[in-house]
Amino acid sequence: MSRPVSRVLTLLELLQAGGVRTVAELADRLGVGERTVRRYVDHLVDLDIPVESVRGRYGGYRLAPGHRMPPLMLTDDEALAVLLGLVAGRRTGITAAAGTAGETAAAKVRRVLPERLRRRLDAVLDSLTFTTEAAGSVAPPAAVLLPIADAVRHHRPVSVRYTGGSSRGGERTLYPYGLVAHGGRWYVTGRDLSVAADRTFRLDRIAGARVLPGTFEPPPGPAPAERVLTALATAPYRHEVTVRVRGTAEQVRGLLPASVATVAEETGGGEAPPGSGGGAEPWCRVEIRAERLDWLPGLLASLDRPFVVERPDELRGLVADLAGRLRDAARPAPPPHG
């Protein structure tokens, strides 16, 4: 490729990055004079690429807003980032919208890449393995995700058709605070005007979304991610578990997923629970909602900190059973019979 053609394509790549680029900046990046930059811009215009001239103190050149560029020019690092992002997104359910959209997008990216780069990227993808299974969840369709994202960004109410876990559907009007991707699912958290309370909704249960007129002011308080994790941790389940764990709130929170447990450090002297031993270290109250209890003894044992089960009684029995099995497993093995 001749140097002038290469520089024209480099100019196009710089303009594709967005914003207004001054003539002096472009000349410096291309290693040419300002008159040559203007000549390169004329070449792009001749190719029907809408390069706009912006006048004024901070003027220069930019691509017309909203224009879709037919050529796709990526560096090796950029192409690798795009394809690996699509692969990782499909495995986590983040980019699984519209069924095979992630796969078709990756195929389109590969199709317009130079053969040399395509072969190298194929080598990466063919040799890559994951230690976890691909997520079975599916990201929401664009017809749901994009209107809600627009409503979040511009602080506008949105009407959604939502079907809850009990299969009861209906129209809801929300003041959406934010979108959160967690555990392979998408959530929107905000004010549900039908019940005048903050709620968290799964986007895969929303059949349609429509932005409404007007605006609202998001309230102060926790960030959207914290709101979603708290909502998941406090959702109604069959069992309500309360455990006291020795340690500061920061220490205990670091050992438990925020979507599983809520942790509050106790005040008033940090008196040790009966039978837990003394010591001046503080205690925390941990609350967990769970459909089953059988996994909790192992979780509590993995904390490697003193703990006392306050409720339910059934959990105490399960912890005692686990302790007995661990004691039996730790006994020395009998000598082999000769």
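The legends below describe close-up views of a predicted model. Residues are numbered from 1 along each chain as its sequence is written, and side-chain values use heavy atoms, with hydrogens and water left out. Local features need pLDDT of at least 70 and side-chain atom pairs count only at pLDDT 80 or more, while totals for chains, interfaces and linings use all residues.

**View 1. The four-stranded open sheet.**
The strands follow the order S9-S10-S8-S11 with antiparallel pairing. Strands (E, at least two residues) and helices (H or I, at least four) are DSSP runs, numbered from the N terminus; two strands pair if DSSP finds at least two bridges between them. S9 and S11 each have a single partner strand and stand at the edges, so one side of each is left without a neighbour in the sheet. From one strand to the next, the twist averages 25 degrees. S8 and S10 run antiparallel and are joined by eight bridges. Thr242 stands opposite Glu287 in S10.

**View 2. Helix H11 against the sheet.**
H11 lies across S8 and S11, and runs at about 145 degrees to S11. Axes are lines fitted to C-alpha atoms, for helices over the stretch in contact, and angles run from 0 to 180 degrees between N-to-C directions. Contact means heavy atoms within 4.5 Å.

**View 3. His239 in strand S8.**
His239 lies in S8, which spans residues 239-246. His239 counts as buried because its relative accessibility is 13%; buried means under 20% relative accessible area, exposed over 50%, and partly exposed in between (1.4 Å probe, protein chains only). Leaving aside neighbours within four places in sequence, the contacts of His239 include Ile288, Arg289, Ala290 and Glu314.

**View 4. The largest nonpolar core.**
This core has 20 residues, and those with the most contacts inside it are Leu256, Val286, Leu296 and Leu315. A nonpolar core is a set of buried Ala, Val, Leu, Ile, Met, Phe, Trp, Tyr and Cys residues joined through side-chain atoms within 4.5 Å. Two or more residues come from each of S8, helix H9 (249-253), S9, S10, H10 and helix H11 (313-330). S10 gives the most, with four residues. Apart from neighbours within four places in sequence, Leu315 is in contact with residues including Val241, Val243, Leu300 and Val309. A second, separate core of 18 residues includes Val32, Tyr40, Val41 and Val51.

**View 5. The salt bridge between Glu310 and Arg244.**
The side chains of Glu310 and Arg244 meet at 3.8 Å, N to O. A salt bridge is a side-chain nitrogen of Lys or Arg within 4 Å of a carboxyl oxygen of Asp or Glu; by this rule the count comes to 16. The pair links distant parts of the chain, with Glu310 in strand S11 (residues 307-311) and Arg244 in S8, 66 residues apart. Glu310 is partly exposed at 29% relative accessible area, whereas Arg244 is buried at 13%. Arg244, Glu266, Arg285 and Glu310 are linked in a network of salt bridges.

**View 6. Two further salt bridges.**
In the pair of Arg305 and Glu281, the closest N and O atoms are 3.1 Å apart. Arg305 lies in the loop between helix H10 (296-302) and S11, and Glu281 in the loop between strand S9 (261-265) and strand S10 (283-290), so the pair ties together parts that are 24 residues apart in sequence. Asp204 forms a salt bridge with Arg202, with the closest N and O atoms 2.8 Å apart. Asp204 is partly exposed at 36% relative accessible area, and Arg202 is buried at 18%.
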